[in-house]
Every structure is written in C-alpha cells, then in structure tokens.
Amino acid sequence: MSFTDPAAPVPTILRTDQFLLRPITPADAPADHAALMETREQLRRWEQATWPEDDFSVEANREDLVGLEERHAAHRAFTYTVVDPVTDECLGCVYLFPTDATFLTKATVTPTGEGGWDSVDVVVYFWVRKSRMQTGMDSKLLDVLRAWLMGEWKLSTAVFVVSDQFAEQIELLEHTDLTKQFEIVEPGKVGRFSAYG
C-alpha cells in the first residue's frame with residue numbers, strides 16, 4: 001500500500017525535546033513567512049528558483065499553505081511545519097512526496113546507486129531556518145526524520161532530495177551513512193538535484 005493511499009494512516013505529530021512536527025495550516029502563515037524570509041537566500045538555492053521573492057507577503061504565503069493543507073488532506077503529499085515546542089516559532093518545513101507526484105513524473109531521474117526509482121517509498125525534501133542551521137538542527141532533524149519514516153510511517157526506502165546548488169545541505173548528507181542514489185533534473189530548473197538514500 002502506498003503511503004498516500006486514502007486508507008493509509010497518516011502520523012499527525014512528531015515531538016522531540018527541541019522541536020515538533022505537525023501538519024502545516026494556513027494559520028501558520030505569519031510564523032512560516034518569518035522563517036522563509038530569514039532563509040530566503042538558502043531557499044532560492046534549495047528550490048533553484050527566485051522564491052521567495054523579497055516582496056513575498058504573508059498573504060501570498062497563506063495562499064500557498066491553503067494548497068499544501070488541501071494536498072495533505074487529500075493524501076497526495078504531506079507537508080509538516082517544524083516548530084519550537086515552547087515558542088511555536090517556525091524552524092523549518094518537511095515535505096513528503098510519492099514518486100508519482102506530478103513534478104517528479106515530469107523530471108528525468110537517473111540512478112547513480114544500486115536501487116531503482118520504483119523501489120523508493122517516499123521522496124523527502126526539508127529545510128531548516130538559517131539561524132537554526134548554524135546550531136546543527138538540520139542534522140538533528142534529519143536523524144529524527146529517518147527514524148520516524150522507518151518507525152511510525154513504516155516506510156523502508158526513503159530518499160532525501162537536495163539541490164546541488166545548496167552546498168550546506170549536500171555537505172550535511174555527505175556526512176551521514178546515506179549515499180547518492182539518483183540524480184534528478186526538473187524541467188525549467190537550471191541545475192540538478194541529488195537524492196540520497
């Protein structure tokens with residue numbers, strides 16, 4: 001059963017001492033926007049796009065989050081906000097996609113490891129607020145995500161995708177036991193993405 005099957009259970013919260021993950025909603029727009037704008041230079045490399053633009057507004061962000069909430073409810077893909085458990089400050093975001101997500105079916109995926117794309121259970125993207133990257137929270141989040149996906153989600157094959165332009169996240173993944181399994185080229189993007197599993 002695919003993790004996006006409407007009958008499949010969807011974990012609603014992941015709590016640690018340092019952060020918690022919960023499904024993102026339009027009410028998160030102000031906090032999410034603050035994290036986006038603090039991290040916009042890194043996110044432009046992460047996304048390989050001009051998003052978020054310097055004039056990106058809270059209202060525009062709220063509209064984006066409406067779409068993410070609808071997609072989550074429809075089991076097409078799942079988006080979690082990462083928040084401080086005490087202050088509720090947004091610390092980042094996590095996105096879980098099936099391999100047949102529309103943007104991935106339009107991409108060119110080239111294996112660089114031993115596994116095939118059809119053996120991948122979930123495709124994961126994540127980012128961490130700039131100020132928290134400097135404290136190593138991205139590494140802690142990655143560790144927690146790996147355990148969560150294997151445990152509560154019961155997904156055995158996850159790949160973590162990063163833009164080749166985002167050197168900090170490439171370095172993070174290169175310092176784990178994960179290895180590069182795929183190269184992904186999306187139409188309209190100037191560079192490649194690498195998937196580690």
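**The largest pocket and its surroundings**

Helix H3 contributes the most to the lining of the largest pocket, supplying five residues. The model discussed here is a predicted one. In it, the largest pocket has a volume of about 560 Å³. Its lining comprises 23 residues, and those closest to the pocket centre are Glu-47, Leu-68, Arg-71, Tyr-95 and Phe-97. Two or more lining residues come from each of helix H1 (29-38), H2, helix H3 (58-73), strand S4 (90-97) and helix H4 (102-105). Sorted by class, the lining holds 14 nonpolar, two polar and seven charged residues.

Helix H2, one of these contributing elements, spans residues 40-47. Within H2, the buried residues are Gln-42, Leu-43, Arg-44 and Trp-46. The helix is followed by Gln-48, a residue with a positive phi, near 55°.

Attention now turns to strand S3, which covers residues 78-83 and includes Phe-78. Is Phe-78 buried or exposed? Phe-78 counts as buried because its relative accessible area is 0%, and the cut-off for that class is under 20%. Leaving aside residues up to four places away in sequence, Phe-78 touches Phe-3, Thr-4, Val-10, His-72, Val-94, Tyr-95, Leu-96 and Trp-153. Among these contacts is Tyr-95, which was also named above as one of the residues closest to the centre of the largest pocket.

A further relation concerns Phe-78 and Phe-193, which stand 115 residues apart along the chain. The C-alpha atoms of Phe-78 and Phe-193 are separated by 20 Å.

How values were computed
Residues numbered from 1 in each chain as written. Predicted model: local features only at pLDDT ≥ 70, side-chain atom pairs only at ≥ 80, totals over all residues. Heavy atoms only, no water. Helix = DSSP H or I, 4+ residues; strand = E, 2+ residues; numbered from the N terminus. Buried < 20%, exposed > 50% of the residue type's maximum accessible area, 1.4 Å probe, protein only. Contact = heavy atoms within 4.5 Å. 1 Å grid on protein atoms, 1.4 Å probe; cavity = no way out; pocket = protein on both sides within 12 Å on 5 of 7 lines; lining within 4 Å. Points joined across faces, edges and corners; volume = space filled by probe spheres on them. Nonpolar A, V, L, I, M, F, W, Y, C, P; charged D, E, K, R; others polar.
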